[in-house]
Amino acid sequence: MRSLILLLALFPVLGFAAGKAHTPKPGSKERTDLLNAIRDPLEDALKQPIIFRVDHLKVQDGWAFLIGTPRTKDDKPIDYSKTRYKWEAEEMDEILVALMRFKRGRWYVVTHGLFSTDVWWIGLDKDYKAPTAIFPELPKASE
């Protein structure tokens, strides 16, 4: 009987852990928690508060993958001239890519890149055993 009660108590957690890939709705706790996981290290590096324009965000089985653009709190481009990203900002597109994992009740950044110039994230699903469905589909090569 205790096993059944424990299983029923864990059912919502188990439901979170397995399922289809989804995009958390803007303003939802899940989306806020995910963006805060990557926001903290970026705000430390940029020495200013930021928000994100999200181009891609998918979550499945305790994994999440994000592609977006950091912006100032008033949704303006960030001035990177006084940050460690000065050179990158002059030479590359401002794109943030992050793979995140849900563990011990919170989201953690597994790996990320700012000013990505290619699709370096191809293969992360195999490297980290993350669900393929959270990554964007790449266009198929024409024959």
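Colleague: Is Y85 buried or exposed?
Modeller: This is a predicted model: local features need pLDDT of at least 70, side-chain atom pairs count only at pLDDT 80 or more, and totals for chains, interfaces and linings use all residues. Residues are numbered from 1 along each chain as its sequence is written; side-chain values use heavy atoms, with hydrogens and water left out. The relative accessible area of Y85 is 9%. Under 20% is buried, over 50% exposed and in between partly exposed (1.4 Å probe, protein chains only), so Y85 is buried.

Colleague: How many aromatic pairs are there?
Modeller: Rings of Phe, Tyr and Trp (its six-membered ring) pair if their centres lie within 6.5 Å; planes under 30 degrees apart are stacked, over 60 edge-to-face, the rest tilted. The count of aromatic pairs by this rule is 7.

Colleague: What kind of aromatic pair do Y85 and F115 form?
Modeller: Their centres are 5.8 Å apart, with 40° between the planes, which makes the pair tilted. Y85 is in the loop between β2 and α3, F115 in the loop between β4 and α4, 30 residues apart. (Helices, H or I of at least four residues, and strands, E of at least two, are DSSP runs numbered from the N terminus.) The name for this pair is tilted.

Colleague: Why does the stacked pair of W121 and F135 tie parts of the chain together?
Modeller: The rings sit 6.2 Å centre to centre, with 10° between the planes. W121 is buried at 7% relative accessibility, and F135 is buried at 9%. W121 lies in the loop between β4 and α4 and F135 in the segment after α4, so the parts tied together are apart in sequence by 14 residues.

Colleague: Which strand forms a hairpin with β3?
Modeller: Two strands pair if DSSP finds at least two bridges between them. β2 (residues 63-72) and β3 (residues 96-103) pair in the antiparallel sense over 6 bridges. In the hairpin, 2 residues lie between the strands, and R104 in the turn has a positive phi of about 45°. β3 pairs antiparallel over 8 bridges, and its hairpin partner is β4.

Colleague: Which ring does the charged end of R106 sit over?
Modeller: The rule needs NZ of Lys or CZ of Arg within 6 Å of the ring centre and within 35 degrees of the ring normal. Here the distance to the centre is 4.3 Å, and the ring belongs to Y108.
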